[in-house]
Amino acid sequence: MYVIFDNLNALVIGGVVVMVILAMQVRVTEINIEETANYMVKRQGVDLATWMEDDLMSVGLNIDKTVEVPFVNPVDSAGMTMAFEFVQDSINVTVSPPDTIRITTRYDLVSTGTTVVDGENVNIYQINRRQRLDGGAWMGTGNSPSILSHFRIDMLNQDAEPITNPATVAAANPDSIQNTRVRFTLVTPFESQRNTLSRIYYGSTLMIPN
Amino acid sequence: MSQTLMALLALAVVTTFAMNVQQKHLHVQRTTIHREIQEMAASAALEAMEIIRARSFDQAVANGTTTGTPADLTLFSYNGSTDHFSTGRACQVFDTGTDVCDDVDDFHKMQTATRPFIMGEDTVLFNVDVEVSYVDASFNRFNGRTFHKQVTVQVQDAWPDGSRAPFLMVPITLSRVVSYDF
């Protein structure tokens with residue numbers, strides 16, 4: 001007993017030191033989890049943006065836009081784009097006459113449930129990408145991570161303003177549609193107690209090829 | 001006495017350790033936010049660039065006085081070696097005034113525009129500045145008329161209520177060359 005009292009100071013201070021070290025250990029673990037979650041969501045966002053940009057930059061490729069509008073109006077609901085379909089032509093010039101294949105690409109936004117972000121329930125979605133050749137059967141050709149909370153595609157005029165009913169406008173004046181803009185938001189796949197980021201936002205404006 | 005000294009040393013070490021951990025967390029937070037602001041700034045820069053690229057190459061093209069031949073070079077605007085084009089326009093498309101900026105060089109040193117990046121319920125604002133100059137075929141600045149103009153867009157986050165300094169110490173810069181097609 002007297003050993004404890006003789007070393008009381010050291011015991012108290014030692015206990016405080018151990019508690020602080022444990023608290024810092026928990027804090028470091030939280031930091032690592034947060035960094036991992038941020039890296040995952042950023043990586044997924046960049047990957048999604050990369051292939052989506054590749055796709056959108058080929059809207060109407062090899063198609064005479066004075067004859068045909070290479071997309072249908074984005075299907076919007078509650079400020080989000082639920083479906084978007086566009087076409088491009090692939091031309092094989094090694095044969096005579098050149099062989100043209102019509103490639104139709106379609107994005108469908110499907111609900112994958114809800115998640116809790118900053119204490120509130122948020123609907124999350126996934127983009128399913130499908131393609132078909134020359135009007136054949138649709139084939140699944142990829143999908144996004146299922147942590148999208150917002151997705152929107154707009155067709156813009158030369159002042160970067162969204163156009164209502166762009167397919168009709170483009171049919172009357174093909175030069176009126178200059179750009180495609182895509183914006184999406186990803187939520188982190190999991191939350192820790194102290195999150196710096198709960199969502200990441202991405203936006204890109206792409207010129208429609210001539 | 002030695003016991004007390006060792007206890008004080010242990011406290012000092014653990015306090016330093018705790019401070020380092022907190023500093024690291026602050027650094028991670030700041031880096032994360034900085035990276036997000038950079039992404040948004042890049043998106044704002046790209047959008048501004050697309051607005052500018054949609055314009056005519058030169059006022060002569062917008063006016064319809066060009067002939068689609070190399071002789072059009074003499075029709076292009078040129079204000080001298082310091083600023084190749086006139087400055088200070090308040091371009092309507094960027095909501096800074098009523099000037100109709102209908103060709104690429106109208107945006108040279110225009111009045112600083114503020115573009116929003118809308119993220120759900122919040123909006124981050126960015127200041128946009130533009131410089132345009134003639135370049136040669138090697139993309140070097142050329143003090144004279146050429147068929148190529150380099151458009152440089154600089155974007156930095158803006159907090160109009162003065163609540164904070166910009167996150168981006170150095171503006172994001174996006175540069176593209178537009179060429180006259182004939």
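Let me start with chain B, whose secondary structure comes to 2 helices and 4 strands. What you see above is a predicted model. Reading chain B along its sequence gives the pattern α-α-β-β-β-β. Chain B is more spread out than a compact globule, because its radius of gyration is 25 Å, well over the 16 Å that the globule rule gives for 182 residues. You can see this in the box as well: the C-alpha atoms of chain B fill roughly 95 × 40 × 25 Å along the principal axes.

Now the surface and the contacts of chain B. Of its 182 residues, 38% count as buried. Chain B exposes about 9,500 Å², and 54% of that is supplied by carbon and sulfur atoms. Take the contacts in chain B between residues at least 6 apart in sequence: 54% of them join residues at least 24 apart.

One residue of chain B deserves a stop. Where is B:Arg35 placed? B:Arg35 sits in helix H1 of chain B, which covers residues 2-53.

On to chain A. Chain A has 3 helices and 8 strands. In sequence order, the pattern of chain A is α-α-β-β-β-β-β-β-α-β-β. How does the radius of gyration of chain A stand against that of a compact globule? A compact globule of 210 residues would have a value near 17 Å, but chain A has 26 Å. The C-alpha trace of chain A spans about 100 × 35 × 30 Å along its principal axes.

Here are the totals for chain A. Buried residues make up 42% of its 210 residues. The accessible surface of chain A comes to about 10,800 Å², with 55% of it belonging to carbon and sulfur atoms. Among contacts in chain A with a separation of 6 or more, residues 24 or more positions apart account for 56%.

Next, the backbone of chain A. Which two residues of chain A does a cis peptide bond join? The pair is A:Ser96 and A:Pro97, with omega at about -5°. A:Pro97 is found in the loop between strand E2 (80-92) and strand E3 (99-117).

A:Thr94 is placed in the loop between E2 and E3 too. With a relative accessible area of 70%, A:Thr94 is exposed. The C-alpha atoms of A:Thr94 and A:Ile153 are separated by 35 Å, and these two residues are 59 apart along the chain.

Two entries concern phi. A:Asp118 has a phi near 55°, which is positive in a residue other than glycine. A:Asp118 lies in the loop between E3 and strand E4 (120-133), and at 52% relative accessibility A:Asp118 counts as exposed. A:Asn165 also has a positive phi, near 55°, and is likewise a residue other than glycine. The loop that holds A:Asn165 runs between strand E6 (148-156) and helix H3 (166-172). A:Asn165 has a relative accessible area of 36% and is partly exposed.

Last item: empty space. Rolling a probe the size of a water molecule over the atoms shows where such space is left. How many cavities of 30 Å³ or more does a search of the whole structure find? The search finds 1. About 40 Å³ of space lies in the largest cavity. Its lining consists of A:Lys42, A:Gly45, A:Val46, A:Ile200, A:Tyr201, A:Tyr202 and B:Glu39. Helix H2 (8-56) and strand E8 (199-207) of chain A are the elements that give two or more residues to this lining. By type, the lining residues divide into 4 nonpolar, 1 polar and 2 charged.

Methods
Residues numbered from 1 in each chain as written. Chains lettered and ligands numbered in written order. Predicted model: local features only at pLDDT ≥ 70, side-chain atom pairs only at ≥ 80, totals over all residues. Heavy atoms only, no water. 1 Å grid on protein atoms, 1.4 Å probe; cavity = no way out; pocket = protein on both sides within 12 Å on 5 of 7 lines; lining within 4 Å. Points joined across faces, edges and corners; volume = space filled by probe spheres on them. Nonpolar A, V, L, I, M, F, W, Y, C, P; charged D, E, K, R; others polar. Rg over C-alpha atoms; globule rule 2.2 N^0.38 Å. Buried < 20%, exposed > 50% of the residue type's maximum accessible area, 1.4 Å probe, protein only. Contact = heavy atoms within 4.5 Å. Areas by Shrake-Rupley, 256 points an atom, 1.4 Å probe, with all protein chains shown as cover.
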